[in-house]
Amino acid sequence: MQAEKKLSGGDGFWGFLSDRSGNDSDGADLLEKAANAFVAENSFIEAGKAFEKLAAVYRDKLELDSSAAGAAGSAIEAYVKAGDAAAAARCFELLRSPALKKGQSNRVDRYGRLLAGLYEKTLGDMKSASLCYDAIAEEYESNHNPHNARKNKIQAAATRAIYFAQLVTAGTDPHESAKDLKYVERTLIRLAQDSYNTNEMLLRLGIVYLITGDSNDYDKAAAPAAPAAAAVGAQAAAAGSAAGALAEEAKAAFDAQTRLDYGFTRSREGALVRDLAAALKADNLPQFVKLVMQYPGTSEESKAWNETMLMLAGGYKWKGNAVKAEMERQKRQPFEDSQNEGQQQSWGNQPPPQHYSQPQYQSREQPPYPPEKQGANDLEPDVPDANEWA
């Protein structure tokens with residue numbers, strides 16, 4: 001049956017419901033049937049309106065919060081399929097209202113990520129996508145689920161970093177992008193402190209510093225924890241005594257910065273950032289592109305983010321299509337240098353890792369500060385004498 005057959009009267013189905021339905025439960029049933037009929041006919045805007053109205057009926061008249069949350073989620077799904085981000089965002093706020101979100105973390109996650117995907121992949125609105133991921137992370141934090149909160153915080157920082165890079169490369173006033181940079185610094189330094197993949201978070205922070213084209217920021221990229229901790233501390237000082245939590249966060253960041261930077265500079269991620277910064281400083285486009293293409297990332301998502309950010313950084317440094325043209329040239333001859341040299345290009349002064357596709361995670365058991373004196377063989381692993389096993 002077509003959805004139009006659900007309509008009756010001069011004012012259509014909506015008028016019929018409000019004028020002739022004396023029973024809220026019957027009205028809800030009619031709304032649900034109409035919404036499902038609209039979905040069957042791919043009339044997603046009308047389906048979204050019906051589900052949104054149904055959510056209001058469940059919440060305000062029938063006081064069925066769980067059913068209201070389900071209807072709000074269905075409305076988000078319909079609006080996302082229709083590409084109506086404003087309507088989907090309105091229903092997402094309804095879903096996150098105090099009455100509806102109780103015990104609904106999975107729903108907030110599922111439909112929040114649908115909305116974030118619409119912003120990120122279809123509309124290219126990275127800041128709105130970041131706010132969606134942030135809202136999901138807050139929901140998980142309130143329900144004491146740090147693993148899922150961290151996962152969404154990583155995506156919130158990733159999308160906000162791309163938004164910051166877009167502002168910088170578009171020539172936006174630095175004061176307008178400063179707030180977004182502070183958010184990225186604070187989020188990534190916090191993730192670096194409590195994440196199982198510390199070096200990956202510091203690599204992202206270092207890449208963010210490469211975006212601006214400023215030689216001072218290139219220097220920051222090699223040891224990114226210290227400037228990020230200083231930025232968090234400056235925010236705490238500016239906020240005053242009222243920002244107690246931020247002050248505690250700044251103190252923790254300062255305490256950890258030496259340990260984090262010490263481990264990062266010894267890692268392959270740290271070597272990569274140093275080489276990228278050196279290529280940018282030396283105006284060496286072929287070397288920059290080569291590094292972008294060689295680094296595998298810790299996942300497909302990580303690799304895609306790295307390439308996006310570094311292409312923005314390179315495009316800002318070398319105007320026009322110079323970076324893309326060089327990348328196409330190197331793709332046509334991917335192994336030319338390695339064939340000539342007989343081996344893979346090493347990262348900086350370090351040998352290439354044995355299993356290059358496997359990330360080298362930073363151990364939590366690191367010295368709180370670098371040793372004052374370090375000999376040439378200090379980096380060699382301790383091998384027990386054979387007599388010790390006797």
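Author: Helices (H or I, at least four residues) and strands (E, at least two) are DSSP runs, numbered from the N terminus. This is a predicted model, in which local features need pLDDT of at least 70 and side-chain atom pairs count only at pLDDT 80 or more, while totals for chains, interfaces and linings use all residues. Residues are numbered from 1 along each chain as its sequence is written, and side-chain values use heavy atoms, with hydrogens and water left out.

Reader: How many helices and strands does the protein have?

Author: The protein has 390 residues. Its secondary structure comes to 18 helices and 0 strands.

Reader: What percentage of the residues in the protein is buried?

Author: Buried means under 20% relative accessible area, exposed over 50%, and partly exposed in between (1.4 Å probe, protein chains only). By that criterion, the buried share of the 390 residues is 44%.

Reader: Is arginine 204 buried or exposed?

Author: Arginine 204 lies in helix 10 (residues 198-210). Contact means heavy atoms within 4.5 Å; leaving aside neighbours within four places in sequence, arginine 204 is in contact with Ile154, Ala158, Leu188, Ser302 and Trp305. Because its relative accessibility is 7%, arginine 204 counts as buried.

Reader: Why is helix 5 described as roughly antiparallel to helix 6, and what is the angle?

Author: Axes are lines fitted to C-alpha atoms, for helices over the stretch in contact, and angles run from 0 to 180 degrees between N-to-C directions. Angles under 35 degrees count as roughly parallel, over 145 as roughly antiparallel, 65 to 115 as roughly perpendicular and the rest as oblique. Helix 5 (residues 85-95) and helix 6 (residues 105-123) have axes 10 Å apart. Helix 5 is therefore roughly antiparallel to helix 6, given a packing angle of about 160°.

Reader: How far apart are the axes of helix 6 and helix 7?

Author: Helix 6 packs on helix 7 (residues 126-142) at an angle of about 170°, which means that helix 6 is roughly antiparallel to helix 7. The residues of their contact divide into 10 nonpolar, 4 polar and 4 charged. The distance between the axes is 8 Å.

Reader: What is the phi of glutamate 63?

Author: Glutamate 63 is in the loop between helix 3 (44-60) and helix 4 (65-82). With 63% relative accessibility, glutamate 63 counts as exposed. Its phi is positive, in a residue other than glycine, and is near 55°.

Reader: What is the phi of aspartate 283?

Author: Aspartate 283 is found in the loop between helix 14 (268-281) and helix 15 (285-294). Its relative accessible area is 47%, so aspartate 283 is partly exposed. Although aspartate 283 is not a glycine, its phi is positive, at about 60°.

How values were computed: Ala, Val, Leu, Ile, Met, Phe, Trp, Tyr, Cys and Pro count as nonpolar, Asp, Glu, Lys and Arg as charged, and the others, Gly among them, as polar.
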